[in-house]
Amino acid sequence: MDRLDEIRDYLKAFQNRWIAKKVRECAGQPEEELLEKTEQVLSDAKERFCFLCLFHFRSSLVEGTYEYWICALGKMMYLQPPIAQGIWVPQKLYEDVPDLRRETERELRKRFIRLQTYEVEEGVRGILEEYQKLAEVYWFEAAQRAAAGERFRSAPKEEEWKILSGSYMGSLKIVLQP
């Protein structure tokens, strides 16, 4: 087992505590901005779409931008330009990243000596990947609300449409379908 694997393994208990705390903080707080961005994408869609997606990017964790891409796509998904799109940055979800970084480093210093910056960052990214799952919960709620709304019903879509979430050019999950 290399050192990064040891760090990831050591941080599992800390990660579980941190995520449990984050879930308690976020529970029952609807993300209105996500719903607004989704409805804006639906309003901008002038062609028939087959997929309404929320994509996250691994690169946004590395860069610290924490952006999610909302887009309406046709049947060929990645092979044609998006029909409509928008960017969502969940400020409430990521507002504690400086605290997370500080606490992760403090936790790692209990066990590891000569800790390198990249090792701390790898530990933080592992926890932030769990934040993406929380964003998917927000998306599920926003997608349900949007699908029940007038903008979605009047938006030009295929008969066989799906609402998806996941990693761009990676694995996707079906959130909602008729």
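Angles between axes under 35 degrees count as roughly parallel, over 145 as roughly antiparallel, 65 to 115 as roughly perpendicular, and the rest as oblique. The structure is a predicted model, in which local features need pLDDT of at least 70 and side-chain atom pairs count only at pLDDT 80 or more, while totals for chains, interfaces and linings use all residues. Residues are numbered from 1 along each chain as its sequence is written, and side-chain values use heavy atoms, with hydrogens and water left out.

**Exercise 1. Describe the chain as a whole.**

Step 1. The secondary structure comprises 7 helices and 5 strands; helices (H or I, at least four residues) and strands (E, at least two) are DSSP runs numbered from the N terminus. Read from the N terminus, the order of elements is α-α-β-α-β-β-α-α-α-α-β-β.

Step 2. Along the principal axes, the C-alpha atoms fill a box of roughly 60 × 35 × 25 Å.

Step 3. Of the 178 residues, 44% count as buried, where buried means under 20% relative accessible area, exposed over 50%, and partly exposed in between (1.4 Å probe, protein chains only). The chain exposes about 9,800 Å², of which carbon and sulfur atoms supply 50%; accessible areas come from the Shrake-Rupley method with a 1.4 Å probe.

Step 4. Among contacts (heavy atoms within 4.5 Å) with a separation of 6 or more, residues 24 or more positions apart account for 67%.

**Exercise 2. Determine how helix H1 is oriented towards helix H5.**

Step 1. The axes of H1 (residues 3-26) and H5 (residues 97-109) come within 11 Å and cross at roughly 130 degrees. Axes are lines fitted to C-alpha atoms, for helices over the stretch in contact, and angles run from 0 to 180 degrees between N-to-C directions.

Step 2. H1 and H5 are therefore oblique to each other.

Step 3. The contact involves Ile-7, Tyr-10, Leu-11, Phe-14, Arg-17 and Trp-18 from H1, together with Asp-99, Leu-100, Glu-103, Thr-104, Glu-107 and Leu-108 from H5.

Step 4. Classified by residue type, this contact has 7 nonpolar, 1 polar and 4 charged residues. Here Ala, Val, Leu, Ile, Met, Phe, Trp, Tyr, Cys and Pro count as nonpolar, Asp, Glu, Lys and Arg as charged, and the others, Gly among them, as polar.

**Exercise 3. Carry out the analysis for helices H2 and H6.**

Step 1. H2 (residues 32-44) packs against H6 at an angle of about 50 degrees, with the axes 9 Å apart.

Step 2. That angle makes H2 oblique to H6.

Step 3. On the H2 side, Glu-32, Leu-34, Leu-35, Thr-38 and Leu-42 meet Tyr-138, Trp-139, Ala-142, Arg-145 and Ala-146 of H6. By class, the contact of H2 with H6 has 7 nonpolar, 1 polar and 2 charged residues.
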